[in-house]
Amino acid sequence: MLFRSRVAILCTGNELVAVDEQPGPGQIRNSNGAMLEALVESAGGVPESLGVARDHPADLEAAIRRGLDADVLLLSGGVSAGVLDLVPRTLQQLGVRQIFHKISMKPGKPLWFGSRTSANTPTLVFGLPGNPVSSLVCFELFVRPALAQLMGLNFDPLCRTAALSTDFQHRGDRPTYFPGYLETHASGAVVRMLRWQGSADLRTCAEANCLVSFAAGDADYPAGSSVSLILLRAGAA
């Protein structure tokens, strides 16, 4: 019988409202909650929504305590360097050992990871960035393989190569994962780069079936160049 990891999902932020509510000034819908629940399901885990914790130490601490009873705790938001980014400090106060914070990639730089062991039972904790595309990319690159290992599954990262359909310019000092659409033709696999507007542009990512990887540094890629990509699970089904 397959062991399915319990994955608690906690979104943070004063600005969040439910997805079926009309946002007011300074508010946004909590798209990450629904997205992360769907991603956990697709990875074979059991999602447990903890709702939204506001940017207040007591509220955040109480919600995180509940999440630490799960096998994995996913937090969304509050891990950057702003005044209200309280997650790393609160996790430390609750005995969660930080393993790393911030990585050299785009999107997803603020990613936080740590663990806590209580009564010989470990809980893995991922502090995902609040921007939805950053959260998606970090899930695919870090959370999904961790869940597979916890559940004793063979993990296939679904890495592929394909030819660019058009010229593309990459500018930046970090490895970057762009949303793309992979198509298979008689001549081989071709990937079309989507018009991505940055790490808040979840709408464009909803049209993608892969993430196209580009190395750090400024470079021009002419049409037909071979590039590496990771298939998104929904698009690969």
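Q: Is phenylalanine 168 buried or exposed?
A: The model is a predicted one. The relative accessibility of phenylalanine 168 is 15%. Buried means under 20%, so phenylalanine 168 counts as buried.

Q: How many aromatic pairs does the structure hold, and which class does the pair of phenylalanine 168 and phenylalanine 214 belong to?
A: There are 8 aromatic pairs in the structure. In the pair of phenylalanine 168 and phenylalanine 214, the ring centres are 4.8 Å apart and the planes lie at 25°. Planes under 30 degrees apart count as stacked, so this pair is stacked.

Q: Which strands do phenylalanine 168 and phenylalanine 214 lie in, and how many residues apart in sequence are the parts that the pair ties together?
A: Phenylalanine 168 belongs to strand E10, residues 168–170. Phenylalanine 214 belongs to strand E13, residues 210–214. The pair therefore ties together parts whose separation in sequence is 46 residues.

Q: Is phenylalanine 214 buried or exposed?
A: Phenylalanine 214 has a relative accessibility of 1%. The cut-off for buried is under 20%, so phenylalanine 214 counts as buried.

Q: What class of pair do phenylalanine 178 and phenylalanine 214 form?
A: Phenylalanine 178 lies in strand E11 (residues 176–185) and phenylalanine 214 in strand E13, 36 residues apart. At 15% relative accessibility, phenylalanine 178 counts as buried. The two ring centres are 5.7 Å apart with the planes at 80°, so the pair is edge-to-face.

Q: How many of the residues of H4 are buried, and where does the helix bend?
A: Helix H4 covers residues 132–150. Of its 19 residues, 14 are buried, so H4 is largely enclosed by the rest of the structure. After H4 comes glycine 152, with a positive phi near 70°. The helix bends by about 45°, and the bend is at phenylalanine 139.

Q: Why is cysteine 210 too far from the closest cysteine sulfur for a bond, and what is the count of disulfides?
A: The closest cysteine sulfur to that of cysteine 210 is in cysteine 205, 10 Å away, which is too far for a bond because a disulfide needs sulfur atoms within 2.5 Å. Cysteine 205 counts as buried at 5% relative accessibility, and cysteine 210 counts as buried at 0%. The count of disulfides is 0.

Definitions and conventions: Residues numbered from 1 in each chain as written. Predicted model: local features only at pLDDT ≥ 70, side-chain atom pairs only at ≥ 80, totals over all residues. Heavy atoms only, no water. Phe/Tyr/Trp six-rings, centres within 6.5 Å; stacked < 30°, edge-to-face > 60°. Helix = DSSP H or I, 4+ residues; strand = E, 2+ residues; numbered from the N terminus. Buried < 20%, exposed > 50% of the residue type's maximum accessible area, 1.4 Å probe, protein only. Bend = angle between axes of the 7 residues up to and from the residue.
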